[in-house]
Amino acid sequence: MKLKTLALIGATGAMISCTPSKVNYENYADYPVPSAPLIEMEYAPNTTLFTLWAPTADEVRLMLYESGEGGHAYETLPMEADKEGLWKIKVDRELKGNFYTFNVKIGDKWLGETPGINARAVGVNGQRGAIIDLADTNPEGWAEDKRPELKSVADAIIYEMHHRDFSISPTAGIEHKGKFIALTETDTHNPQGASTGIDHLKELGVTHVHILPSYDYASIDETRLNENKYNWGYDPLNYNVPEGSYSTDPYTPATRIREFKQMVQALHKAGIRVVLDVVYNHTFNTSDSNFERTVPGYFYRQRPDGFFADASACGNETASERPMMRKYMIESVLYWIREYHIDGFRFDLMGIHDIETMNAIRQAAQEVLPTVLIYGEGWAASAPQLPTEELAMKANTHRMPGIAAFSDELRDALRGPFNDDTKGAFLAGIPGEEESIKFGIAGAIQHPQVNYDSVNYTTQPWAAQPTQMISYVSCHDDMCLVDRLRTSIPNLAPDALTRLDKLAQTAVFTSQGIPFIQAGEEVMRDKKGVHNSFNSPDSINAIDWSRKTAHADVFRYYQGLMSLRRQHPAFHLGDAELVRRHLEFLPVEGSNLIAFRLKEHAGGDKWQDIIVILNARTETAKITIPQGRYTVVCKDGHIDLNGMGTLSGTQANVAAQSALILHR
Ligand code: CA
């Protein structure tokens, strides 16, 4: 779309008598932005109001349908231009259960039917908006739904899951496999006797479940669910409607909405908050997208040559800096918080968005929910069409208070670089990654003992507060931890694999950043070595829950890490000054060994001094520690917060490929 062409189209003016003469907008900044929230369908008994923001339209029609797919419109009604670029029509009869689309005409061209940019209920495959009363979608007890207590985002422990991965395997003791309501089921014992589903999450001890894209996405045909197709869902269609393939009935618009709410309600009852993965940075379609069929050009950035820019590598990049797109993103986030009781957001390719928009989103969200958890990927697939200093890139995180970014410094220092699965790093016994790990342990903030010249990917701290860093070693992208360890370390024995898996997550969970794990890591999940499983079959992506029994010691260790974190404020101080005061790295000789102390009742911790030593060497490491009589709580792949013996003196021995944690 070329901006110049658009301006010429805009100059053609309005021809129908009820329309005020159309303004020719010189640039996108001049487009009128409605003062009220954009709601495209407002249902009430016997009257429904339809509104579309289409300031460059010459004509807009509303089409009414009896079903969500197929058949012809039973009625086509002209909408009337109102102020602020809005087109409206009120239909004074009962429309509940019907469906609708809009069609916008610019010049002599009809842009094609669309449910609008802001549909809140849709028919199957999201092609038509649905006329429903949202109040009908509330499950029993929804008004009493309470978010689990969260004193500070520093307390968060994030579990990233895909609905199908989590429940589709026969080894999951779950009836509604791959559905939202899988997470409402209790008594989920599998054939091996282990609990799965929501019971498993409670047992594990996470505070937040981060669900991969669960808005209506395009890549799964909701009319052919018997084909059991798989996709992560990073292909947005309707941002403000739950995905149909995760509902038990994608044809009945209220069902997916109700079931999504049931899921949130069940997780809240289990003491777990819910994070939504949001992908405002691009849409599945470009020229046929809901955005382009409504206000061509406006919602996407263009390259200097006028064509669509593509920093997402998915065909386009949205223009968060334009006032209506910014408003759209803010209102979408608020809608998910209010209507669905969502507690946090993970922004896909956040680096495509601008800082001002991200700060506005955070501010608006915090006004409604002070403990909202917001984080994202501080990068893009290629350079976006905005100056770097305006973008919500990782390096600019310190300018976005209350927003965190994933640390690839810690991740890759542990497991190896993202662009070569065969390369290992700290865990593989390769020296040189120590400062990057220290950087991650400190939470990406300025710390006097971190030498930033030796940190990978950055030369300076990028977080102002440790809660602005997501600490992780694996996520849905790239290989899962087990596959990565196997691929990057030749001839890795099963015992060493287990040891390194535990050691990796010990670094993640003793970091002052916010810890994050990919679902299934706690049971040694693998994906058969598949690096990018975005549309791989269930045979690759499904978590095999029989592993929970086979790797019971690993599960217990992960539980131990979460308990350690939940019970001890020293590990999540949440404040940069406190981290600088209480976190002290201890001197070590040689490589692949990190030691640090959380001293003087850090964060009011009942433990006076805590020592953590991470040893990635294939031999025992001996290290000098401050004189004292310590209780051992983590040793040689086991965690027991009640203690596993004592250690006195100034020397600690740390078994090969393991962590040692002591306190006094
Ligand atoms: Ca869909």
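**Strand β19 and the cysteines**

Two bridges join strand β18 (residues 469-471) to β19, and the two run parallel. Strands pair if DSSP finds at least two bridges between them. Strands here are DSSP runs (E, at least two residues), numbered from the N terminus. This is a predicted model, in which local features need pLDDT of at least 70, side-chain atom pairs count only at pLDDT 80 or more, and totals for chains, interfaces and linings use all residues. Residues are numbered from 1 along each chain as its sequence is written, and side-chain values use heavy atoms, with hydrogens and water left out.

**Strand β19**

- Pro515 in β19 is the bridge partner of Ser471.
- Strand β10 (residues 158-161) also runs parallel to β19, joined to it by three bridges.
- Tyr159 stands opposite Ile517 in β19.
- Five of the five residues of β19 (residues 514-518) are buried, so the strand is largely enclosed by the rest of the structure.
- Buried means under 20% relative accessible area, exposed over 50%, and partly exposed in between (1.4 Å probe, protein chains only).
- Ile514, Phe516 and Gln518 point one way from β19, while Pro515 and Ile517 point the other way.
- In a regular strand the side chains alternate between the two faces of the sheet.

**Cysteines**

- The whole structure holds zero disulfides (cysteine sulfur pairs within 2.5 Å).
- For Cys314, the closest cysteine sulfur is in Cys475, 15 Å away and too far for a bond.
- Cys314 is partly exposed, at 37% relative accessible area.
- The sulfur of Cys475 has its closest cysteine sulfur in Cys480, at 11 Å, also too far for a bond.
- Cys475 is buried, with a relative accessible area of 9%.

Technical notes: Helix = DSSP H or I, 4+ residues; strand = E, 2+ residues; numbered from the N terminus.
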